[in-house]
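Hello,

Here is the structure for you to look over. My notes follow below it.

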2 protein chains.
Amino acid sequence: MSFNVIGKPVQRGDAAAKVTGRALYTRDMKMPGMLYAKILRAEIAHGYVKSYDISEAEKLPGVVKIVLPKDVKANPWPSAGHPYSLNPAHQDIADRQILNEKIRLFGDEIGAVVAKDELTAEKAVKLIKVAYEALPFVLDAEEAMKEGAPILHGDETNILRHTDIKHGKEELSTAFSKCDYILEQEFDVTPVQHAHLENHIAYAYVDPEDRLTIVTSTQIAHIVRRVVAHALNLPFGKVRVIQPYIGGGFGNKQDVVIEPMAAMLSLACNGRPVMVDLTREEVFYGSRTRHGIRFKFKTGVSKDGRLLAKSMVSIGNNGAYASHGHSIVAKGGTNFSRTYPAELATEWNGYTVYTNTATAGAMRGYGIPQVNFAVECHMDDLADDIGMDPIEFKQKNVMKLGFVDPVSGIEIKSCGLPECIEKGKAYIDWDNKRKEYLNQKGDKRKGVGFALFSYATAVWPFSMELAGARLTMNQDGSLQLTVGAAEIGQGSDTVFAQMAAEVMGVPFSMVNVVRGTDTDIHPYDPGAYASRQTYVAGQAVRQAAESVRDQVCARAAKKYDIDVKDVEIRDAKIYRVSAGRLLCTLEQLAMESFYEKDESSTIASEKSANVKSNALAFGVCVTEVEVDVKTGKVNILKICNIHDSGTIINPILASGQVEGGMSMSCGLALSEGLKYDPKTGQMLTDNLLDYKLPTVLDTPHFDVDFVEPYDVTGPFGNKALGEPPAVPPAAAIRNAIKHATGVRVFATPMNPQSLFEAFREAGLN
Amino acid sequence: MSFNVIGKPVQRGDAAAKVTGRALYTRDMKMPGMLYAKILRAEIAHGYVKSYDISEAEKLPGVVKIVLPKDVKANPWPSAGHPYSLNPAHQDIADRQILNEKIRLFGDEIGAVVAKDELTAEKAVKLIKVAYEALPFVLDAEEAMKEGAPILHGDETNILRHTDIKHGKEELSTAFSKCDYILEQEFDVTPVQHAHLENHIAYAYVDPEDRLTIVTSTQIAHIVRRVVAHALNLPFGKVRVIQPYIGGGFGNKQDVVIEPMAAMLSLACNGRPVMVDLTREEVFYGSRTRHGIRFKFKTGVSKDGRLLAKSMVSIGNNGAYASHGHSIVAKGGTNFSRTYPAELATEWNGYTVYTNTATAGAMRGYGIPQVNFAVECHMDDLADDIGMDPIEFKQKNVMKLGFVDPVSGIEIKSCGLPECIEKGKAYIDWDNKRKEYLNQKGDKRKGVGFALFSYATAVWPFSMELAGARLTMNQDGSLQLTVGAAEIGQGSDTVFAQMAAEVMGVPFSMVNVVRGTDTDIHPYDPGAYASRQTYVAGQAVRQAAESVRDQVCARAAKKYDIDVKDVEIRDAKIYRVSAGRLLCTLEQLAMESFYEKDESSTIASEKSANVKSNALAFGVCVTEVEVDVKTGKVNILKICNIHDSGTIINPILASGQVEGGMSMSCGLALSEGLKYDPKTGQMLTDNLLDYKLPTVLDTPHFDVDFVEPYDVTGPFGNKALGEPPAVPPAAAIRNAIKHATGVRVFATPMNPQSLFEAFREAGLN
């Protein structure tokens with residue numbers, strides 16, 4: 001495939017806006033009479049409010065409204081930013097209340113104060129006296145599954161959902177009986193937090209036509225509209241959601257966290273604008289986290305390294321509320337079923353479990369970083385155990401082109417994985433380094449590590465995929481592109497503009513994107529998640545652009561009395577192909593479409609694409625590390641992700657995505673992790689001092705490479721890229737540490753403390 | 001025709017916004033770093049700037065930029081808010097510069113200061129010293145046509161354009177020779193000003209993607225885009241125009257008055273936002289006025305009152321710049337040709353002439369209030385002279401149903417005029433009062449007066465008519481309507497929402513209008529003028545709504561496996577017509593269109609309507625006045641406009657339109673008029689103290705009535721309503737004064753001064 005605009009490293013459209021500070025974020029918006037809210041949060045991890053004393057708070061000048069659970073009339077609502085399903089069995093669990101009388105986590109929302117400014121609201125919150133009835137609480141998911149554990153919702157079980165999926169030619173036990181070697185291991189991936197730059201922030205007001213408007217930093221404006229309407233019992237059409245520029249989300253804003261609160265508080269204040277702006281601490285414990293998941297493997301192979309039977313139990317800690325429910329743990333299960341198909345039998349048991357910790361939800365990778373860490377470590381260890389090179393073992397057993405996913409039924413129509421592996425081996429000089437670093441002594445030891453992954457694009461066939469785009473032509477032939485898909489910093493608007501320019505035969509600079517998402521203006525699209533946008537919304541953009549192009553060509557064909565198939569647009573000029581002749585500029589034709597008195601008709605198209613396909617993205621990470629066995633400090637010497645995401649629409653933006661994802665996975669691997677006080681259930685790491693997000697000094701140079709097989713199901717041969725980069729580095733680093741030291745680590749983060757202990761246990765220091 | 005939503009007096013959608021002050025106008029917008037400009041204006045009426053001394057002004061703290069004509073790089077541009085023509089012969093005259101070295105009126109723009117606030121800018125303007133070279137100037141149009149008059153543009157003539165149109169069976173002189181009675185008269189309609197509540201205001205800035213954005217109180221956002229792009233030599237697509245709520249325009253904002261200035265100043269200040277907010281005084285002399293027009297009639301009739309031959313010369317005073325050029329005088333000419341067809345011959349000579357007065361442009365009625373005043377007085381006098389009742393005479397000679405306009409070729413397909421006349425006669429008790437008020441003595445005398453009119457809808461076939469609408473369906477079956485047509489206070493958004501609701505079979509409350517005009521978002525439509533919007537944009541709304549309705553019906557037909565013709569939507573429910581059975585609610589079907597996993601596709605339609613028809617609106621005004629012959633004071637006792645505008649979409653809004661128009665015409669008749677100092681050429685009436693706009697105390701009760709023939713060319717049988725109300729009252733009042741006193745007045749305003757003089761001349765006081 002040869003492209004003119006696609007594949008070019010054009011500068012992102014919003015670069016200047018962001019660099020100059022002229023991009024306006026939610027906090028930059030001001031409205032006359034705006035009020036500010038602060039949330040009263042529980043100081044126990046489980047229990048009930050017995051009573052409130054608001055007498056002191058009420059007296060504080062500037063306090064406009066104090067709202068307690070009894071004052072709120074709302075439906076229980078589901079917070080997940082999932083595409084809606086008409087099938088009740090597929091709908092998200094509606095376990096949220098805007099304010100709670102039952103407390104399920106330390107920091108749960110039990111009241112709110114609206115005041116003329118934030119400081120007053122904060123002071124008033126502190127003046128409210130709350131008496132609690134405390135219950136025992138549980139922080140660990142496996143503990144929470146046990147008989148007698150404190151129950152968070154209802155009175156039966158903390159298991160939100162359990163799935164048991166089996167496939168293969170034989171019973172699992174029979175299959176294991178045929179194996180030459182069986183390895184059982186357990187891995188723990190600790191929960192982490194997104195740490196997006198801009199905290200959750202939203203404000204709501206009732207407009208003069210009695211429509212509730214919510215301005216919010218969200219990845220899912222159209223879904224926020226649905227969920228708020230549901231929570232507050234309003235018709236969808238009476239709710240408008242506007243997303244300004246957004247300072248990151250990473251999945252945490254694929255959840256409806258604060259919008260119903262802002263909306264409810266505005267309604268409680270006669271429709272005045274009320275802003276809710278969470279602190280960093282509140283975002284840590286009061287928004288969403290990545291799921292901590294425990295994995296238990298039993299895997300059997302033949303002597304010659306063929307994978308015969310495998311089973312995995314995954315236990316996901318969902319925290320206090322359902323949020324995305326079982327789907328994150330389940331996505332890990334389908335990934336487990338697929339990536340390394342076992343010849344004889346596969347079984348996966350997944351549990352999603354409530355505990356009295358921060359609610360886990362969507363985060364970049366959506367369960368795959370966790371399962372990939374565990375599987376890629378486990379497979380590495382298996383290879384070691386049977387004396388095979390890990391890459392050779394993985395390459396032998398990994399799925400191949402033409403493979404049909406046993407769970408989704410999707411056939412793999414492009415697979416650049418073999419090429420990624422070859423590039424990765426060459427990059428790190430695998431074969432030599434594997435030998436060179438055997439049997440090291442001394443404090444500082446080096447090792448190389450490898451991990452691969454597969455990653456599904458978008459959510460079909462598990463959920464629906466719909467995306468809308470509108471393209472209108474200006475008098476100079478330039479175009480306005482309005483997409484429902486959300487620009488959340490990843491550069492999607494730039495990429496969509498490239499797609500439209502490609503189809504239209506115009507330079508990138510001729511496509512203006514109508515920025516942000518406004519549910520009144522931007523066509524329906526559920527939003528930024530599942531690495532779906534270039535794949536799904538790209539189809540809508542392509543269709544709209546094709547329609548506009550066809551309208552232009554038809555007008556030209558009529559004007560010059562030639563066959564429409566003989567008309568082509570190149571570089572904003574219209575040609576007669578057969579004669580190799582320039583007919584006119586696109587601008588001339590556009591002017592006529594507006595101003596030809598007898599035959600004017602502006603040119604526009606709006607398309608809604610219901611995409612019913614999927615494609616797997618692939619890739620590898622290779623790394624070389626130096627481990628200080630005395631201190632447990634790991635130094636990444638080299639690291640490279642090599643991705644097959646099909647056609648790369650914009651190499652600069654793609655590289656940026658990969659670097660950001662790699663950084664996230666390095667943090668998961670080496671330093672990040674949420675901790676709770678076992679005595680109170682309070683999160684101990686709710687700030688950027690105690691939570692060890694890698695700083696620029698902790699960050700190695702990231703190398704990035706791509707292979708680009710054309711996937712026929714993608715609008716331009718493209719597949720998922722947004723989330724995959726965050727998947728493989730953690731396992732590659734763990735495997736490199738093992739190569740350097742011979743020590744197998746089974747949990748994240750592999751920070752100096754945990755490695756020091758592991759090395760001590762192994763007698764290395 | 002039977003309608004469910006159309007014809008109902010629903011409350012306008014923006015009523016609450018305006019009443020509560022929550023509607024945001026251009027002045028309410030604030031941007032960080034905003035600058036403010038003030039214009040340096042000439043203090044002579046004709047001549048040149050010899051030199052500027054800006055040394056004092058430059059020193060003033062807070063002054064950011066002083067711009068003089070030499071600093072401006074811009075193309076000469078046409079300011080008229082006309083639909084563009086690809087034919088250069090039909091294009092508007094590009095005689096504007098943003099800043100002028102040659103001065104053509106007192107107050108001409110000769111420089112500008114940008115400062116951190118308005119006060120500083122104003123002070124700095126006063127500190128600039130200007131030396132002038134003065135030329136003789138001319139204020140009267142007929143004087144300006146004479147040999148030796150000072151020439152404003154070029155060096156040949158002040159006549160911007162002259163047209164001479166003849167039709168009829170015979171030569172004019174032959175026709176006159178066959179007449180039994182010939183009357184020659186001359187009328188003068190003095191220029192007046194729109195006096196819209198919100199002055200001209202705009203600000204411009206360069207957005208971070210290097211697109212010039214202009215926020216402006218305009219009736220013609222899409223045209224502003226074209227004109228600014230033309231003036232500043234930018235591609236159309238690099239200019240974005242946004243119209244917030246607007247506080248009236250009445251045609252004065254159908255002109256590009258200050259937007260190129262704001263844009264140029266922003267570019268001169270590195271793209272910072274620069275606001276230009278004219279004072280009331282600047283709006284009076286520096287924006288646009290209604291044309292003062294002199295009419296000279298010669299008309300011949302038969303003994304029995306048949307109109308045989310007629311000629312009119314109209315001389316329009318266009319002021320200093322072309323603005324809308326000859327089209328306003330010309331529109332009066334076509335109206336003259338049409339309304340009372342002469343049996344034998346008609347000739348019209350029209351002149352549009354430059355003078356050193358404020359530039360005349362579009363104002364509600366677009367030349368018809370002037371010509372209608374003159375013609376309706378002239379015809380009244382003719383009837384008197386031949387001893388016929390004026391109504392009887394007019395009714396006998398006025399055009400009838402089926403008449404084909406000799407200039408436009410448009411055939412009249414609906415005509416409620418006879419019914420309007422009957423209602424008018426009954427309202428005022430015409431036959432009795434005509435007799436009763438004969439031969440009055442005493443100071444206070446009563447009289448009744450009558451005038452009729454015809455008014456063309458939209459601009460076809462003289463110019464092109466194009467309008468766009470987009471309609472999208474929400475999950476609850478409610479709809480978002482986005483039209484390019486401009487809501488300028490007249491209520492068009494409400495009326496379009498009624499139209500969409502009517503076609504869709506939903507209540508009015510289910511249509512949300514995306515307010516304002518944003519050229520990036522709202523489909524192309526040239527804007528609010530020529531009473532075109534309900535007629536032309538109504539077609540686009542109708543087509544878009546029909547398409548959305550058809551998509552809904554098709555989905556329902558498929559779902560229930562029935563013929564699509566058997567599906568109907570009523571009150572937001574979907575019925576099977578043949579079975580009289582409710583199938584489902586519109587909401588259910590809308591939900592499925594969004595969320596049916598395998599067959600989702602949101603429902604939307606965008607239509608661009610190239611309307612090639614026209615229709616004449618008709619009406620009458622009848623009034624009873626009491627005239628104090630001692631003081632010249634006129635007291636309107638009763639007054640009623642009766643309109644045939646075809647189907648009335650919203651009776652409350654329609655009545656409001658009529659009342660406003662009647663008020664405007666009463667002002668023209670009795671008190672308003674722009675005056676100039678003959679020694680300096682400076683406007684003497686540039687403020688609301690000296691300019692006698694009627695106040696509430698001057699305003700009589702207005703009665704309003706409608707007759708509603710269905711016009712097959714209108715989208716819902718509707719025709720022009722916006723401008724017609726401002727047409728007939730002035731002549732009806734003049735004729736009533738004549739009936740009361742026997743004195744014929746030949747000029748506006750008929751204020752106490754002029755009537756006192758006329759009565760004195762007639763020996764009445």
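This is a predicted model: local features need pLDDT of at least 70, side-chain atom pairs count only at pLDDT 80 or more; totals for chains, interfaces and linings use all residues.

The helices in question span residues 651–670 (helix 17) and 729–741 (helix 18) of chain B. Their axes come within 8 Å and cross at roughly 45°. The crossing of helix 17 of chain B past helix 18 of chain B is right-handed.

Which residues make the contact? Helix 17 of chain B brings B:M662, B:S665, B:C666, B:L668, B:A669 and B:L670. Helix 18 of chain B brings B:P729, B:A730, B:I733 and B:R734. By class, that is eight nonpolar, one polar and one charged residues.

Now the two chains. Chain A superposes on chain B by a rotation of 180°, with 0.0 Å of shift along the axis and an RMSD of 0.1 Å. The two copies are thus related as by a two-fold rotation axis. The same surface serves both: 100% of the contact residues of chain A recur in chain B.

At the interface, 45 residues of chain A are in contact with 46 residues of chain B. On the chain A side, these elements each supply at least two residues:

- helix 1 (15–19)
- strand 17 (466–473)
- helix 16 (586–595)
- strand 24 (604–610)

By class, the side of chain A that touches chain B has 19 nonpolar, 15 polar and 11 charged residues.

Best wishes

Conventions:
Residues are numbered from 1 along each chain as its sequence is written. Chains are lettered from A and ligands numbered from 1 in the order in which they are written. Copies are superposed by least squares on the C-alpha atoms of residues with pLDDT of at least 70 in both. Two residues are in contact if their C-beta atoms, placed from the backbone, lie within 7 Å. Helices (H or I, at least four residues) and strands (E, at least two) are DSSP runs, numbered from the N terminus. Ala, Val, Leu, Ile, Met, Phe, Trp, Tyr, Cys and Pro count as nonpolar, Asp, Glu, Lys and Arg as charged, and the others, Gly among them, as polar. Axes are lines fitted to C-alpha atoms, for helices over the stretch in contact, and angles run from 0 to 180 degrees between N-to-C directions. A crossing is left-handed if the near helix is turned anticlockwise from the far one by less than a right angle, and right-handed if clockwise.
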